[in-house]
Amino acid sequence: MIVLGVVVLAAVLFGAGAWRSLGSGQQASSATPGVRVAAVEVAAVERGDIEVTRVLSGAIDSPIAFDVAPKVAGRVVELRVDVGDGVRRGQVVASLDDDEHRLAVAQAKADLRVAEANLAEARAAIEIGERSSERVRTLRERGVASDASLDSMEADMLAKRSAEAVAAARVERARATVAAAEVRLGYTQVTADWPDGDAERVVSERFVDAGTTLSANTPLMRMVKLDPVVAVVFVTERDYGRLSVGQTVNLTTDAFAGETFTGEISRIAPVFNAASRQARVEVKVANPSMRLKPGMFARLAVVLDRAEDVKVVPSAALTHRGGEAGLFVLSEDGGSVSWQPVRPGLEQAGRLQVEGEGVTGRVVTLGQQLLEDGSAVRASDRGDER
């Protein structure tokens, strides 16, 4: 039994030695004796377009937001709209208790009537005085009345005309008081007004409830504009110089996964924040369906640069020798490589733009650390199974 085991072991060792000898002979036959052959991976040099796209994170905001507040103090009797409701320009959104203001209007109108009566009395006194003055002048011409009587009558007429002017001014003041009281009464019907733009806004927040007593100019609710919306991002100095107003931006949100919205840069801040070293950029996005809401998180993809019809290689192909950037280009027969200096350009998603002479065919993407100009190689295409 022991002899049989020894025989089997010797046969196995002999077979293994023969296999190694055969393999060594095959490898030696595939390369020049004494020349080291490096195994490398290569990929084709392409010609096409390349662009640098940056994805920025930001938030959606409304380009216009304002608070609706009453111009007079009072108790909120009714809120006619709530969060999410659409509001048209000039629509009444709340009512305040108006009892005191109605009384103020009534009192102002009563004061106006008194002032008008005083004015009528003053004008009647002038009319009577003018008739008396005329009689005194007639008597003076006949020599019956004295000069002193005429002077006294004229002085009395001047006083009556002054009284009329004062009464007329009081009427004007009373009318203004009535108008002001009516305006304040109108302010108890709180309206949503804005100067221009589209005719509708949306209630985004409500700050008070019915029954709350407010002072003047206390916000009741907030109105926002939802079409278009604005996406706000902050960019660093690296990207700032490659952005411009009017540039197209693609926007995505978690709320509508897989859907892309298109906008354009509308504003770029002229200064950087001293703390963050970033600048604010606003992107206007059409929102006719009003699905995008202020406060949503957004991702914005913007093309910072683009090159057309250029040479493109995998980014992994770029290497350096002696401080110079370049590529190892595979020879036509596939047995060696040559070093070709290049000027790298745009890079995006593992693709690199290069400029230089002799960059054609295929380039080495793996194994460059073993190579020099003219090195012998055994190449396999990138992505092939080994």
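A quick definition to start: a residue counts as buried when its relative accessible area is under 20%, as exposed when that area is over 50%, and as partly exposed in between. D82, at 33% relative accessibility, is therefore partly exposed. Keep in mind that this is a predicted model.

**The four-stranded sheet**

- Four strands make up an open sheet, lined up in the order β3-β10-β8-β5 and paired antiparallel.
- At the edges you'll find β3 (65-68) and β5 (86-88), each of which pairs on one side only.
- Going from one strand to the next, the twist averages 40°.
- Inside this sheet, β8 (residues 200-206) and β10 (residues 221-224) run antiparallel and are joined by four bridges.
- If you want a landmark on that pairing, look for V203, which sits opposite M223 in β10.

**Salt bridges across the chain**

- How many salt bridges turn up in a search of the whole structure? The count is 23.
- As background, side chains of opposite charge can pair when their charged atoms come close.
- One of these pairs is R306 with D49, where the closest N and O atoms are 3.3 Å apart.
- R306 belongs to strand β15 (residues 297-314) and D49 to strand β2 (residues 46-61), so this contact ties together parts that lie 257 residues apart in sequence.
- Both partners are partly exposed: R306 has a relative accessible area of 43%, and D49 has one of 37%.
- D49 and R306 also belong to a network of salt bridges that links them with E51 and E308.

**The pair at β8**

- R206 and D82 meet through their side chains in a salt bridge, at 3.0 Å from N to O.
- This pair links distant parts of the chain, with R206 in strand β8 and D82 in the loop between β4 (74-79) and β5, 124 residues apart.
- R206 has 32% relative accessibility, so it counts as partly exposed, and D82 is partly exposed too, at 33%.

**A pair with a buried partner**

- D239 and R242 form a salt bridge as well, their closest N and O atoms being 3.9 Å apart.
- Is D239 buried or exposed? D239 counts as buried, at 4% relative accessibility.
- R242, on the other hand, is partly exposed, with a relative accessible area of 31%.

Note on methods
Residues are numbered from 1 along each chain as its sequence is written. This is a predicted model: local features need pLDDT of at least 70, side-chain atom pairs count only at pLDDT 80 or more; totals for chains, interfaces and linings use all residues. Side-chain values use heavy atoms; hydrogens and water are left out. Two strands pair if DSSP finds at least two bridges between them. Helices (H or I, at least four residues) and strands (E, at least two) are DSSP runs, numbered from the N terminus. Axes are lines fitted to C-alpha atoms, for helices over the stretch in contact, and angles run from 0 to 180 degrees between N-to-C directions. A salt bridge is a side-chain nitrogen of Lys or Arg within 4 Å of a carboxyl oxygen of Asp or Glu. Buried means under 20% relative accessible area, exposed over 50%, partly exposed in between (1.4 Å probe, protein chains only).
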